[in-house]
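Me: I've got a model open and would like to walk through it. Can you take my questions one at a time?

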Amino acid sequence: MNILYIINYSVMVTGYINFILSMLIILLISACFLGRYVMITRKVVLATLGTVAIQVLVYYGGLLLIYKINPALYGYMDGLAPFQDPAQDNPLYLNYMQFIKAERVLINGLTFAYAFIFYLVANKEKRIFRAIESTILLYLYYFYMNNIIQYTYLFLRGGKSELLIEVYRNSAGKEYVWMTTITIFAQFVINLVLLFILYFSYFKKRKFYNVRIRDRVLFIIWLVVFNLFPSIPFYGNTTEDSYRLLAYVFGALIPILGCIAPALLMMNAAERSLKEKNEYQETYLNAELEYIEQYKRTQEATRAFRHDIINNLALTNMMLDEGKTEEASEHLKQLLGNVKALSPSIITGDEMLDCIVAMKADKMREQAIKFTADGVVDGGLNMKPMDVCSIFANAFDNAIEASNKMVPDAWVDLNVKRTEKFFIIKISNSAVGKVDVDKLFMTAGYTSKQDKEHHGFGLRNIRNAVEEYNGLVKAESEDNVFALSIMIPRSE
């Protein structure tokens, strides 16, 4: 087989793979850096192959159509070698070019339409808006990578006018074949590396960040500028020396500058995530310290009570012997009160959850919020203490903040139930009116606070932490009541 045929089919297949990788990269970016709630399963990954089916069907369907309506053009096209165009003086040239342009427009239109449907299915909230957003990002990213690699190749080759003419006016020439091959395979390598980094370093480890709106806009501007700016020299009438100078400048700067914006965004997201994790660790340590202090106070009170218990029981026995039953009864009631005071006021069955509940109960007591609790988690939750803290400290903080708006009738209720497979921990609270659950729970970063940049991620973090244990989270709202149900699988 001719080497050109091998190159042609290799470039074609790699181009299909590049588009699939780009689709998955945008999906991972949406999940890991934009706070989008997406599902990435085996079926979702296999669904990307639909773009290959579309391109193959359009290509061979177009050939079949030409075979039926214009056999002469089909015969001429069938005789063309890979990367070979008919001469411009050939009577079939215009028909051939019209077919190629129509085929490209149709393929691009249908593949991006399919990508829209793909993102519509993969996103689990605000699907239409997210699908539009992801499709636009896919378009910008795909052509950004393609253009950057092409321009870098041309500039590093010297950017001579003869080279540009050879590449852009002769699609069958040696330079065009080299540029196309290098561009496609370089894009494949970059896409593959980027996909692995996003999946194994972020998505699989559940490292989810949320890039600020301002930074997202700046990044989109960056993509648009770098799609257009490098092409400016190609449209100007410049001297050979000027072109060569531009060649070296752009050849050196394009790959460097092309990495600055993503690097800055990732650094910004990582810094915000570190701050968020430090806040969780601080809450966790505070809960542990509170538990230790409470334990010390209980132990001191227990030792003091143990010291006096014998004397108190002897005094009670003496009162009974002397017939002073009423005095003995009052004394026993006092002793029972002391015993109850030594016992924890709330026992959930999980040590870390006890810490969180005790700490938040004190906070609610200080703020005059009525708190009730019922039910236990027999055997504990079998979760990492840090995750228990992240889930329930966030849930209680949200409940306390919402119920505070109902003062003096503020209340929070903790209810624990169990089914055959789940512990269901329901935290209810008073609220001002009915809450828009979809907007509050499904949208990452939503908050009613003024400082929107640093708040509004509590429910998203609860959901992420619970899903790591194959659990479920459900939010409900009625008039003046909001409830968050957290379902954790029971260990067998």
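Me: Is Phe-200 buried, exposed or partly exposed?

Reply: Quick background: this is a predicted model, where local features need pLDDT of at least 70, side-chain atom pairs count only at pLDDT 80 or more, and totals for chains, interfaces and linings use all residues. Residues are numbered from 1 along each chain as its sequence is written, and side-chain values use heavy atoms, leaving out hydrogens and water. Buried means under 20% relative accessible area and exposed means over 50%, with partly exposed in between (1.4 Å probe, protein chains only). Phe-200 comes out at 42% relative accessibility, so the label is partly exposed.

Me: How are the rings of Tyr-199 and Phe-200 arranged?

Reply: Rings of Phe, Tyr and Trp (its six-membered ring) pair if their centres lie within 6.5 Å; planes under 30 degrees apart are stacked, over 60 edge-to-face, and the rest tilted. For Tyr-199 and Phe-200 the centres are 5.0 Å apart and the planes sit at 90°, so the pair is edge-to-face.

Me: And what about Tyr-199 and Phe-203, stacked or edge-to-face?

Reply: Both lie in helix 8 (residues 174-203), four residues apart, about one turn of the helix. Helices here are DSSP runs (H or I, at least four residues), strands are E runs of at least two, and numbering goes from the N terminus. With ring centres 5.9 Å apart and planes at 25°, the Tyr-199 and Phe-203 pair is stacked.

Me: Which residues form one aromatic cluster?

Reply: By the ring-pair rule the count comes to 14 aromatic pairs. One cluster is made up of Phe-19, Phe-112, Tyr-139, Tyr-142 and Phe-143.

Me: How far apart are the closest N and O atoms of Arg-36 and Glu-133?

Reply: A salt bridge needs a side-chain nitrogen of Lys or Arg within 4 Å of a carboxyl oxygen of Asp or Glu, and the structure holds seven of them. Arg-36 and Glu-133 are both buried. Their closest N and O atoms are apart by 2.8 Å.

Me: Where does Asp-397, the salt-bridge partner of Lys-363, sit?

Reply: The side chains of Lys-363 and Asp-397 meet at 3.8 Å, N to O. They are 34 residues apart, with Lys-363 in helix 12 and Asp-397 in helix 13 (residues 385-404). Asp-397 counts as partly exposed because its relative accessibility is 26%. To repeat the location, Asp-397 sits in helix 13.

Me: Which ring does the charged end of Arg-463 sit over?

Reply: The rule asks for NZ of Lys or CZ of Arg within 6 Å of the ring centre and within 35 degrees of the ring normal. The charged end of Arg-463 is 3.9 Å from the centre of the ring it sits over, which belongs to Tyr-37.

Me: How far is Gly-349 from Asp-378 in space?

Reply: Gly-349 is in the loop between helix 11 (325-342) and helix 12 (351-366). Leaving aside residues up to four places away in sequence, Gly-349 touches Asp-354, Val-377, Gly-379 and Gly-380 (contact means heavy atoms within 4.5 Å). Gly-349 and Asp-378 are 29 residues apart in sequence, yet C-alpha to C-alpha the distance is 5.4 Å.

Me: What share of the protein chain counts as buried?

Reply: The chain has 15 helices and five strands. Of its 492 residues, the share that counts as buried is 41%.
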